[in-house]
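Dear colleague,

Please keep the structure open beside the text as you read.

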Amino acid sequence: MITYDIVIIGGGPAGLAAAVSARKAGVDKILILERDHELGGILNQCIHNGFGLHTFKEELTGPEYASRFIDQVLEEKIEYRLNTMVMDITEDRVVTAMSREDGLYQIQAKAVILAMGCRERPRGALNIPGFRPAGIFSAGTAQRLVNIEGYMPGREVVILGSGDIGLIMARRMTLEGAKVKVVAELLPYSGGLKRNIVQCLDDYGIPLKLSHTVVDIEGKEHISAVTIAKVDEHNKPIPGTEERYTCDTLLLSCGLIPENELSNKAGIKMSRVTSGPEVRESLETSIEGVFACGNVLHVHDLVDYVSEEAAKAGANAAKYVLEGRQEQETDRIVQVRATDGARYTVPTTVNIDRMDDLLTVRFRVGAVYKNSFVSVYLNDERIQHLKKRILAPGEMEQVILQKKKLLEKEGLETITIKIEAE
């Protein structure tokens with residue numbers, strides 16, 4: 001069996017940043033396993049700009065952003081294998097992989113970094129009535145067809161869901177000559193970034209109908225029309241509000257799900273909210289030596305945050321390989337909780353004695369809040385009270401915790417993040 005210090009599963013933005021960070025931290029034997037035929041992940045099909053403002057202080061397209069990290073991987077001479085599917089990870093970090101060239105083989109890793117990204121929620125999970133004709137695509141599939149394969153899915157388009165990929169594809173299809181008739185969103189707020197609503201819908205006169213969903217699909221062989229209707233507070237269609245749109249394409253942009261079949265199979269403890277692993281402050285999962293970062297951990301809105309998180313995972317995995325786990329029985333491990341509007345936190349536990357001087361805790365809210373406060377409590381003592389003009393589920397939030405303040409708090413058991421009106 002071949003051995004490596006760190007095996008990284010996924011060669012997208014998270015895997016690339018983690019590999020570079022681990023190498024700079026002093027680990028030599030690193031292997032990236034990528035199932036596609038090239039590195040870069042989903043960024044290769046994201047030809048719009050808006051990437052890299054935080055990381056590189058300039059606006060880049062997805063392929064340009066990916067190439068910056070691919071170049072670093074090549075410069076550092078980090079080994080990678082393409083067209084390789086990882087089949088299994090065991091608790092003692094044996095990775096089973098398969099490729100056409102090498103067949104089925106196993107790798108013993110001292111540490112594993114999960115960076116498999118996420119996938120779109122499929123039509124089957126949406127319970128849309130009607131036939132199953134051709135012409136229905138996930139927004140990401142349509143994006144790949146247009147930007148990489150050079151195919152046009154259709155000319156008259158309806159989009160269900162206002163996730164960022166759906167919003168971006170509304171603009172992309174319009175620029176390619178299609179007529180995007182409407183974007184319907186089940187929830188009373190958009191799931192995408194505000195800037196994408198403005199730049200992709202408002203700038204092109206594409207209507208966004210909130211609290212609406214598709215109630216019928218027409219066409220047996222190929223889609224010919226869809227009917228949308230307004231929904232009530234229980235998401236039930238309201239009779240009499242139906243609107244029919246003729247179309248040859250329906251794009252679905254109804255949310256992203258972390259790609260965690262491997263994590264589940266390995267027995268990693270998972271979050272019911274994010275569908276990703278629960279992690280500690282080092283981004284280590286419930287299995288020792290297995291770390292997670294990027295969209296496989298929780299769905300991000302900006303790739304810059306993916307890279308930042310992955311760099312931390314890479315550095316901590318390297319530290320684990322070089323030093324082993326240094327925990328003592330006297331170390332203080334504290335739970336991080338999300339309540340009152342905050343849906344989840346990453347991480348969910350913090351070892352105060354082992355954390356860095358500053359720790360970024362990321363979270364999302366469950367509804368739209370205006371002129372509210374993000375509050376942080378140590379037990380019952382409020383230590384942060386940050387005014388926010390608007391908080392929305394489509395945008396990830398974060399708070400910074402100081403190690404010094406946590407150490408000063410005697411009897412600390414819980415760190416709580418909540419949304420407060422005043």
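**Aromatic rings**

Tyr 65 is buried, with a relative accessible area of 0%. Please bear in mind from the start that this is a predicted model. The rings of Phe 291 and Tyr 320 have their centres 6.2 Å apart and their planes at 65°, and because that angle is over 60 degrees the pair counts as edge-to-face. This pair links distant parts of the chain, since Phe 291 belongs to strand β19 (residues 290–292) while Tyr 320 belongs to helix α7 (residues 303–323), 29 residues apart. Phe 291 is buried at a relative accessible area of 2%, and Tyr 320, with 13% relative accessibility, counts as buried too, because the cut-off for that word is under 20%.

The count of aromatic pairs comes to 4.

**Helix α1**

Helix α1 (residues 13–24) has 12 residues and reaches 17 Å from its first C-alpha to its last, which is close to the 16 Å expected at 1.5 Å a residue. The helix is mostly covered, with 11 of its 12 residues buried, and among the buried residues you will find Pro 13, Leu 16, Val 20 and Arg 23. What do the buried residues of α1 pack against? They pack against the strands β1 (2–9), β2 (30–33) and β8 (103–114), and against the helices α2 (62–75) and α7. Just after α1, Gly 26 takes a positive phi of about 110°.

Strand β6 (residues 84–89) holds Met 87, a residue that is partly exposed, with a relative accessible area of 34%. If its neighbours within four places in sequence are left aside, Met 87 is in contact with Thr 96, Ala 97, Met 98, Leu 104, Leu 262 and Lys 265. By contrast, the C-alpha atoms of Met 87 and Leu 160, 73 residues apart along the chain, are separated by 33 Å.

β6 pairs with β7 in the antiparallel sense over 5 bridges, and in this pairing Ile 89 stands opposite Val 95 of β7. The two strands form a hairpin with 4 residues between them, and in the turn Arg 93 has a positive phi of about 65°. Strand β7 (residues 94–99) is mostly covered, with 5 of its 6 residues buried. β7 is also joined to β8 by 6 bridges, again in an antiparallel arrangement, where Thr 96 stands opposite Gln 106 of β8. β7 and β8 form a hairpin as well, with 3 residues between them.

**An open sheet of five strands**

In which order do the 5 strands of the open sheet lie? The order is β22-β20-β27-β24-β25, and the pairing is mixed. At the edges are β22 (349–351) and β25 (381–391), each of which pairs on one side only, and the twist averages 20° from one strand to the next. Within this sheet, strand β24 (residues 369–378) and strand β27 (residues 414–420) pair in the antiparallel sense over 6 bridges, and the bridge partner of Phe 373 in β27 is Glu 420.

**Backbone details in the loops**

A cis peptide bond, with omega about 10°, joins Val 346 and Pro 347, and Pro 347 is found in the loop between β21 (342–346) and β22. In the loop between α6 (261–266) and β19 lies Ser 275, whose phi is near 65°, a positive value in a residue other than glycine. Leu 283 lies in the loop between α6 and β19, and has a positive phi of about 70° although it is not a glycine. Are these two residues buried or exposed, or something in between? Ser 275 counts as partly exposed at 34% relative accessibility, whereas Leu 283 is buried, with a relative accessible area of 4%.

With kind regards

Key: Residues are numbered from 1 along each chain as its sequence is written. This is a predicted model: local features need pLDDT of at least 70, side-chain atom pairs count only at pLDDT 80 or more; totals for chains, interfaces and linings use all residues. Side-chain values use heavy atoms; hydrogens and water are left out. Rings of Phe, Tyr and Trp (its six-membered ring) pair if their centres lie within 6.5 Å; planes under 30 degrees apart count as stacked, over 60 as edge-to-face and the rest as tilted. Buried means under 20% relative accessible area, exposed over 50%, partly exposed in between (1.4 Å probe, protein chains only). The expected span of a helix is 1.5 Å times one less than its number of residues. Contact means heavy atoms within 4.5 Å. Two strands pair if DSSP finds at least two bridges between them. Axes are lines fitted to C-alpha atoms, for helices over the stretch in contact, and angles run from 0 to 180 degrees between N-to-C directions.
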